[in-house]
Amino acid sequence: MPQTSATGPTHRLVPSPAGRTHLVEQGDGPLVLLLHGFPESWYAWRHQLPALAAAGYRAVAVDVRGYGRSSRPAAVESYRMRELVEDNVAVVRALGERSAVVVGHDWGASIAATSALLRPEVFRAVGLLSVPYTPPGGQRPGEVFARMGGDEEFYVSYFQEPGRAEAEIEPDVRGWLAGFYAALSADTMPEADAPDPHFVGRGGRLRDRFPAGPLPHWLDEADLDVYAGEFERTGMTGALNRYRNMDRDWEDLADFAGAPVTQPSLFIGGSLDASTTWLADAIEAYPTTLPGLTTSHILKDCGHFLQQERPDETNRLLIEWLAGLR
């Protein structure tokens, strides 16, 4: 039986193409690389690190390029998907490993899937949380998102212009994050008939539709301090630059249009998460796009931040899946 790790999480900086990548690791055993989404940091995996360590794994949560203590290149194009994949490869190598299981949430899920697609010799299995896998190709993303809003503006389009979203967020990072997290969490999200917080009204701001009530149950004041403190120190540009490369990614990955991810895979989504429900067709296509899928779950009454909203259930599903890989 695996033994509980005797030590807590350890922070490290390792070299990567971006300059350096900050990571937090706990445990010994097969490497499991954990990739966070927007607008978070390694801290999004605080509940998974000890659980995976106790189950006999070397759990490593990184600050993705542009976040936290990892390097933040100045050029917008430095945040394209291919470069983030190579950051992940560099982390695996810096840790003295030849391969890893990669697990991602939100943007981290897209980065994890692309890492598995481009570097299958390094990433032997992939877990996706909240955002389903959609193969490269199709229509240019910028054009798709521009059409989604109708008279309003989809948040991805709103994020495109450098400095625009920063001007909304950075004067009150803590308040903005609190509203964003609440808007996408099951117990605090707006009612179904309220204006959708994924869209911006003409002349408005994204935060205009955030709920103004209490924090979601998974986020206390100390947790919010951790997230806000990092973004108050770094600013938001590095995080937002990921959105500003979607058309570049579409061009960069043209040779992989329609390509499946064939490694053993896992998907977990939340029944109340737009990232999952809007992409229901992508989930239905998994027999073709994720032929190695071994586990798929939709958590009832769960929102977007599922590994924090439902940590015990997420940990159990992850550990059961990982055990099956052995």
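1. Start with Met-148, which is partly exposed at a relative accessible area of 36%. Here buried means under 20% relative accessible area, exposed means over 50%, and partly exposed is in between (1.4 Å probe, protein chains only). Met-148 sits in helix H4, residues 141-148. Helices (H or I, at least four residues) and strands (E, at least two) are DSSP runs, numbered from the N terminus.

2. Before going on, keep in mind that this is a predicted model, where local features need pLDDT of at least 70, side-chain atom pairs count only at pLDDT 80 or more, and totals for chains, interfaces and linings use all residues. Residues are numbered from 1 along each chain as its sequence is written, and side-chain values use heavy atoms, with hydrogens and water left out.

3. Now have a look at helix H2, residues 81-94. (The expected span is 1.5 Å times one less than the number of residues.) Several H2 residues are buried, including Met-81, Leu-84, Val-85 and Val-89. Just after H2, Gly-96 takes a positive phi of about 80°.

4. Which residues touch the most other members of the largest nonpolar core? They are Phe-38, Val-103, Phe-123, Leu-128, Phe-159, Leu-177 and Tyr-181, out of 97 residues in that core. Helix H3 gives the most to this core, with 8 residues. A nonpolar core is a set of buried Ala, Val, Leu, Ile, Met, Phe, Trp, Tyr and Cys residues joined through side-chain atoms within 4.5 Å. In soluble globular proteins, nonpolar side chains tend to be buried together.

5. Phe-38 has another feature to check: a cis peptide bond joins Phe-38 to Pro-39, with omega about -10°. Pro-39 lies in the loop between strand E3 (31-35) and helix H1 (48-54). Tyr-181 touches Pro-39, and among its other partners are Trp-218 and Phe-305, not counting residues up to four places away in sequence. Contact means heavy atoms within 4.5 Å.

6. Asp-106 has a positive phi of about 60° although it is not a glycine, and Asp-301 has one of about 55°. Most residues other than glycine have a negative phi, and most peptide bonds are trans. Asp-106 is buried, at 10% relative accessible area, whereas Asp-301 is partly exposed, at 48%.

7. On to charges: a search of the whole structure finds 21 salt bridges. A salt bridge is a side-chain nitrogen of Lys or Arg within 4 Å of a carboxyl oxygen of Asp or Glu. Arg-119 pairs with Glu-86 (3.0 Å, N to O) and also with Glu-121, where the closest N and O atoms are 2.6 Å apart.

8. Is the pair of Arg-244 and Glu-166 buried or exposed? Arg-244 counts as buried at 7% relative accessibility, and Glu-166 counts as buried at 5%. Their side chains meet in a salt bridge (2.9 Å, N to O). Arg-244 lies in the loop between helices H9 and H10 and Glu-166 in helix H6, so the pair ties together parts that are 78 residues apart in sequence.

9. Finally, Arg-12, Glu-25, Arg-58 and Glu-97 are linked in a network of salt bridges. Arg-58 is found in strand E4, residues 58-62, and counts as buried at 14% relative accessibility.
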